[in-house]
Amino acid sequence: MQEHNDDVERSHGFGDLAFAQIKGRQLGAMPRNYEVWYTYASGYHAELSDAINVILSEHGAITQEQLDGVYEAHLSPNRLTDKIDVVGNRVMDEIEQVMAMIDSAAGQASAYGNDLAGASARLAAVGTPEGVRTIIETLVRSTREIEANNKALEQRLKASRSEIQQLQENLDAVRTESLTDPLTSLGNRKFYDQAITKAVALANKSERPLCLLVSDIDHFKKFNDTFGHLTGDQVLRLVALSVKQNVKTQDLACRYGGEEFAIILPDTTLRAAVTVAEHIRRSVMTKELIKRSTSENLGRITISLGVAAFKPGDTVATLYDRADQCLYSAKRNGRNRVVCETDPEAEMLDVKVA
C-alpha cells in the first residue's frame with residue numbers, strides 16, 4: 001500500500017510541476033498544455049523533452065505556438081496521418097515536376113525533328129557552299145541545345161530519384177511508427193492483425209508450419225493497484241524485453257492489448273514453439289523488478305502462456321481461440337506455466353480465469 005501511495009504522490013508531483021510550468025510561463029491551462037508539461041515532467045518521452053529543451057535553450061522561453069508544435073509533433077493522435085499526408089504531397093509534387101520536364105523535353109525533341117526535316121528540304125534546294133554551311137551551323141546549334149536539355153533532364157531525374165527514395169524511407173518510418181506500440185516498442189494490435197492475416201493465408205496456401213503464442217502477465221491488475229500504473233508500465237517493458245531476447249528475426253512479437261502479448265511463429269512446429277514460450281517464461285521469472293524512485297526491490301513477476309499450432313482450414317479467429325484457451329488453462333492450473341493444445345490441461349477449457 002505504501003508503494004501505491006508513493007506512485008500517487010509521484011504523479012501528483014508531476015502534476016504540480018506541469019501546472020508550475022504553465023503558470024510560470026504564462027500559458028493557458030488547457031488540457032493539451034497540461035499533457036505536454038506532465039509528459040515533460042515525467043521524463044518518459046525523450047523526444048518531446050529534447051524538443052522542449054532545444055526551444056528553451058535557443059529562446060529562453062516557449063510560446064503557445066511552439067508548444068502547440070511540440071504537441072502536434074509528439075502527442076497528437078493525428079500526427080501520423082499528417083506525416084503521411086505531408087510525405088505523400090511531396091512525392092506528388094516531385095512527380096509533377098519531373099513530368100513537366102519530360103513534357104518539355106518531348107516538345108524540344110519534336111521541334112528538333114522538325115528542324116531536321118526542314119534542313120533536309122533546304123539542302124535539296126540550296127545551291128551554294130555558303131548556304132549549306134548556314135544550314136549545317138543551324139543544325140549544330142539545335143543539336144547542342146537538345147544535348148544540353150537532355151543532360152539537364154538526366155540530372156533532374158537522378159536528383160528526383162534520390163529525393164523520392166528519401167521520401168519513401170520517410171514514409172516507411174511513419175508506417176513503422178503507426179504499427180509500433182510506443183510503450184514496449186513491439187508491434188501494436190494493428191500490426192498483429194495485419195501480420196496474422198498474412199501468416200494464416202500463407203500457411204493455408206503453402207502447408208508450412210505456423211504457431212501462435214499468447215501470454216498474459218499474472219495478477220497484473222493487482223500489481224497495478226498495489227504499485228501504481230507507472231510501475232506497471234515498467235513491468236510491461238520488462239516482459240517486452242524478455243520477448244525480444246527470445247524470438248528470432250522471422251518471428252513477429254506484438255503487444256495484443258493491455259498486459260497481453262502475442263507472438264506469431266512462422267515455419268515453427270508446436271514443440272519448437274513451446275520451447276520459445278518456456279524460454280520467455282523463464283526469462284521473465286528470473287528478472288527482478290526494482291522501483292526507480294526508491295531503488296526498492298519489488299520482487300519478481302510471472303507470466304502464463306498458451307500455444308496453438310495451425311491446422312488446415314484454420315482462420316485467424318480459430319487459431320487465436322485455441323491459443324487463448326490454452327492461455328486461460330495455464331492460468332487456471334496455477335499460472336506461471338506454458339500450456340499447448342496437446343497438453344492434458346488444455347482439455348479443460350470451459351472456464352476462464354482473469
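**Chatting about cysteines and cores**

Reader: Hi! Is cysteine 340 buried or exposed?

Author: Hi! Cysteine 340 counts as buried, with a relative accessibility of 6%. Keep in mind that this is a predicted model.

Reader: New topic! Which residues have the most contacts inside the largest nonpolar core?

Author: Those are Ile217, Val239, Ile280 and Val307, in a core of 33 residues. Elements giving two or more residues to this core include strand S1 (210-217), helix H9 (229-245) and helix H10 (270-286).

Reader: What is isoleucine 280 in contact with, leaving aside neighbours within four places in sequence?

Author: Its contacts are Ser242, Val243, Asn246, Val247, Ile263, Ile303 and Leu305. Another core, of 20 residues, lies apart from the largest one, and Ile196, Val200, Val214 and Tyr328 are among its members.

Reader: Last one: where is asparagine 188?

Author: Asparagine 188 sits in the loop between helix H6 (129-178) and helix H7 (189-206). This asparagine is buried, with a relative accessible area of 16%.

Reader: What does asparagine 188 touch, not counting residues up to four places away in sequence?

Author: Asparagine 188 touches Ser178, Leu179, Thr180, Asp181, Cys254 and Arg255.

Key
Residues are numbered from 1 along each chain as its sequence is written. This is a predicted model: local features need pLDDT of at least 70, side-chain atom pairs count only at pLDDT 80 or more; totals for chains, interfaces and linings use all residues. Side-chain values use heavy atoms; hydrogens and water are left out. A nonpolar core is a set of buried Ala, Val, Leu, Ile, Met, Phe, Trp, Tyr and Cys residues joined through side-chain atoms within 4.5 Å. Buried means under 20% relative accessible area, exposed over 50%, partly exposed in between (1.4 Å probe, protein chains only). Helices (H or I, at least four residues) and strands (E, at least two) are DSSP runs, numbered from the N terminus. Contact means heavy atoms within 4.5 Å.
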